[in-house]
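Here is my note for your first look at this model. Keep the structure open as you read.

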Amino acid sequence: NELPQLINIFIGQMSIIGYRPLVRQGYKYYSDYMKRKIYKLKPGLSGIGSIAVRNEEYILQRVEDKENYYKNVIIPYKEKLESWFIDNNSLFLYFALIFFTVLVVIMPSSKLWKRVLKNLPEEPEDFKRYSVKGENYG
C-alpha cells in the first residue's frame with residue numbers, strides 16, 4: 001500500500017507528512033469546512049492522524065455499530081487532528097511527525113508524541129474506551 005504512495009511523493013503528488021488520504025466513505029463524512037481546509041495541502045504518507053488513530057481497525061472491531069462510530073467518533077476526531085496540524089504546521093512539526101511515526105512503529109505504546117506536541121485535540125471519551133489501555137495500539 002505504501003509503495004505507490006512513495007512513488008506519489010517522488011513525483012510531487014504527496015508529501016511525507018500531511019493528512020492521510022481518505023477512502024471515499026471517510027471523506028464523505030468530513031465537514032465541508034474541513035474538505036476545503038485539507039484541499040489546500042498535499043496528503044501525506046503519515047501525519048498526526050496516523051499517529052493518534054493508528055489502530056482504527058482494531059477499535060472498529062470492538063464496536064457494535066461500526067458505521068455510526070466511524071462517522072460520529074473517529075471522523076470528528078480525525079478532523080480535529082488534521083485541523084490542528086494545518087493550524088500548527090511548521091518545519092519542526094514536519095520533522096517531529098516523521099520521528100514520531102517511526103517511533104510508534106517501533107514502539108507502539110510510546111506516548112512521547114503526546115508529551116511533546118502541545119495543544120493536541122482531546123481524545124473523545126468513547127475513543128479512549130475502545131482503544132487498548134486508553135492508547136491507540138493493539
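This is a predicted model: local features need pLDDT of at least 70, side-chain atom pairs count only at pLDDT 80 or more; totals for chains, interfaces and linings use all residues.

1. Start with helix α3, residues 32-39. Its buried residues are Met34, Lys35, Lys37 and Ile38. They sit on the same side of α3 because they cover an arc of only 165 degrees around the axis. Turn to the other side of α3: Asp32, Tyr33, Arg36 and Tyr39 are exposed there. The cover over the buried residues of α3 includes α2 (24-29) and α6 (66-87).

2. Next, the largest nonpolar core. This core has 33 residues, and those touching the most other members are Ile48, Tyr69, Leu97, Trp113, Leu117 and Phe127. At least two residues each come from α3, α4 (48-52), α5 (56-61), α6, α7 (91-106) and α9 (125-130). The most come from α6, which gives 9. In general, nonpolar side chains in soluble globular proteins tend to be buried together.

3. Look closely at leucine 97. Beyond its neighbours within four places in sequence, leucine 97 is in contact with Ile17, Ile48, Ile51, Phe85 and Leu117.

4. Now find the largest pocket. Its volume is about 670 Å³. Of its 27 lining residues, Arg20, Leu45, Ser50, Val53 and Arg54 are the closest to the centre. Helix α7 supplies the largest share of this lining, 5 residues. By class, the lining has 15 nonpolar, 5 polar and 7 charged residues.

5. Finish with the second largest pocket, of about 150 Å³. Among the residues that line this pocket are Tyr77, Trp113 and Lys128. Two or more lining residues come from each of α6 and α8 (112-116). The lining has 5 nonpolar, no polar and 4 charged residues.

Technical notes: Residues are numbered from 1 along each chain as its sequence is written. Side-chain values use heavy atoms; hydrogens and water are left out. Buried means under 20% relative accessible area, exposed over 50%, partly exposed in between (1.4 Å probe, protein chains only). Helices (H or I, at least four residues) and strands (E, at least two) are DSSP runs, numbered from the N terminus. The arc is that of the directions from the helix axis to the C-beta atoms. Contact means heavy atoms within 4.5 Å. A nonpolar core is a set of buried Ala, Val, Leu, Ile, Met, Phe, Trp, Tyr and Cys residues joined through side-chain atoms within 4.5 Å. On a 1 Å grid over the protein atoms alone, a cavity is a set of points where a 1.4 Å probe fits but cannot get out, and a pocket is an open set with protein on both sides within 12 Å along at least five of seven lines; lining residues have an atom within 4 Å of a point. Grid points are joined across faces, edges and corners, and a volume is the space filled by probe spheres set on the points. Ala, Val, Leu, Ile, Met, Phe, Trp, Tyr, Cys and Pro count as nonpolar, Asp, Glu, Lys and Arg as charged, and the others, Gly among them, as polar.
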